[in-house]
Amino acid sequence: MILDKKIAILTGATGGMGRAITSALIRNGVMVYGIGRNADTLKKIQEEEGENFHPAQLDITDEAKVDQWIKDNFSATHCPDILINNAGVGSFHKIDETTTGTWLEMVNTNLNGMFYITSRVAALMKQKGTSSHIINIGSILGKIGRVKSAAYCTTKFGVHGFSAALLLELRQYNIKVTCFSSGSIETGFFKTSGIEPHENMLHPSDLANSIIHILQTPDNMLIDEIVVRPLNPKAPEHII
Ligand SMILES: NC(=O)c1ccc[n+]([C@@H]2O[C@H](COP(=O)([O-])OP(=O)(O)OC[C@H]3O[C@@H](n4cnc5c(N)ncnc54)[C@H](OP(=O)(O)O)[C@@H]3O)[C@@H](O)[C@H]2O)c1
């Protein structure tokens, strides 16, 4: 896809990955509709990025509001070319210490929110006919298990399955689907999720550049799945 003048919806625009993806998209001429709940951060991003950033203060777990926002902003003649489902939350506990509230927050954000937006945007993209691309941000924890991670792993394995099935359904409409699974990234996720950061985390801007590369592939070339890891996530003596 040639990115210049394309329209993108990006969820989780206010977080570490979202901020880096926003900059990379706007650098390449894309108009970004950035979704997050934090109005102050959205305003700041708009000040920094200018008129190509359209802030949307929206909780993606609220289906009615997501539906209305899509109807208010998009149509067959102003249709998103790119959807990046990046918003996500994580909280890591033993299963018998995981509250229903914690479980539901992850399922509602990482899975249900992704479904609410994707189902509406896919309907618009299908009418468009020209090339479109949906990128779902998964995780390495959508491919392997980890202790104290049953809830998060459930959602990220779900992102993987959702992406694989969606691709088969949407490819005939020239809609690409990619699942982008990453290991630890240096973002605020580590503060909110309560897991320990380490010294060799991936940099969001490097991952954003990979996302640009995936988007820029020729229309008939699809990278459907990508897994990115820090080469040495821990000190060598801890690696088995
Ligand atoms: N950091 C890592 O090590 C890592 C590794 C693998 C995968 N990931 C995945 O990468 C993605 C981005 O995470 P990050 O590392 O950038 O974390 P982050 O800095 O904590 O950002 C999370 C983003 O999700 C948004 N969000 C959360 N709940 C939302 C809701 N209900 N409605 C709308 N937006 C919501 C937050 O925005 P508001 O707070 O403004 O709503 C924020 O923009 C997530 O899907 C995460 O699971 C992260």
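Me: A residue is buried with 20 or more other C-beta atoms within 10 Å of its own, exposed with 12 or fewer, and partly exposed in between, the C-beta atoms being placed from the backbone. Why does Ile223 count as partly exposed?

Reply: Ile223 has 15 C-beta neighbours inside 10 Å, so it counts as partly exposed. The model is predicted: local features need pLDDT of at least 70 and side-chain atom pairs count only at pLDDT 80 or more, while totals for chains, interfaces and linings use all residues. Residues are numbered from 1 along each chain as its sequence is written.

Me: Where does Ile223 lie, and what does it touch?

Reply: Ile223 is in the loop between α7 and β7; helices (H or I, at least four residues) and strands (E, at least two) are DSSP runs numbered from the N terminus. Leaving out residues up to four places away in sequence, Ile223 touches Thr178, Ile214 and Thr217, contact being C-beta atoms, placed from the backbone, within 7 Å.

Me: Why are the buried residues of α7 said to line one face?

Reply: The buried residues of α7 are Pro204, Leu207, Ala208, Ile211 and Leu215. Seen down the axis, they fall within an arc of 105 degrees, so they line one face of the helix; the arc is taken over the directions from the axis to the C-beta atoms. An α-helix has 3.6 residues a turn, so residues three or four places apart point the same way. The face of α7 turned away from the buried side carries the exposed residues Asp206 and His213. Among the elements covering the buried residues of α7 are α1, β4 (82–85), β5 (132–137), β6 (175–182) and β7 (225–228).

Me: How do you know that α5 has the span it should?

Reply: At 1.5 Å a residue, the 21 residues of α5 should span 30 Å, and the end C-alpha atoms are 30 Å apart, so the two agree. The buried residues in α5 include Ala151, Tyr152, Cys153, Val159 and Phe162. Their cover includes α4, β5 and β6.

Me: Which residues of the largest nonpolar core touch the most other members?

Reply: They are Ala8, Leu10, Ile21, Val32, Ile35 and Ile211, in a core of 46 residues. Helix α1 gives the most to this core, with six residues. Another core, of five residues, lies apart from it and has Leu141, Ala151, Tyr152 and Cys153 among its members. Such a core is a set of buried Ala, Val, Leu, Ile, Met, Phe, Trp, Tyr and Cys residues joined through C-beta atoms within 7 Å. Ala8 itself touches Leu25, Val30, Val32, Tyr33, Pro80, Asp81, Ile82 and Ile84, not counting residues up to four places away in sequence.

Me: What makes up the shell around the ligand?

Reply: By class, the shell has nine nonpolar, 21 polar and two charged residues. Nonpolar means Ala, Val, Leu, Ile, Met, Phe, Trp, Tyr, Cys or Pro, charged means Asp, Glu, Lys or Arg, and the others, Gly among them, are polar. In total 32 residues surround the ligand, the closest being Gly12, Gly15, Gly36, Arg37 and Gly88; the cut-off is a C-beta atom, placed from the backbone, within 6 Å. At least two residues each come from α1 (16–27), β2 (31–36), α4 (100–128) and α6 (189–193). Helix α1 gives the most, with three.

Me: Why is Lys148 called partly exposed, and what is its phi?

Reply: Lys148 has 16 C-beta neighbours inside 10 Å, so it counts as partly exposed. Its phi is near 60 degrees, a positive value in a residue other than glycine. Lys148 sits in the loop between β5 and α5 (150–170). Asn174, in the loop between α5 and β6, also is not a glycine and has a positive phi of about 65 degrees.

Me: Why does Ile195 count as partly exposed?

Reply: Ile195 has 17 C-beta neighbours inside 10 Å, so it falls in the partly exposed class. Its place is in the loop between α6 and α7. Neighbours within four places in sequence aside, Ile195 is in contact with Phe92 and Phe190. The C-alpha atoms of Ile195 and Gly90 are separated by 9.2 Å, although the two are 105 residues apart along the chain.

Key
Two residues are in contact if their C-beta atoms, placed from the backbone, lie within 7 Å. The expected span of a helix is 1.5 Å times one less than its number of residues.
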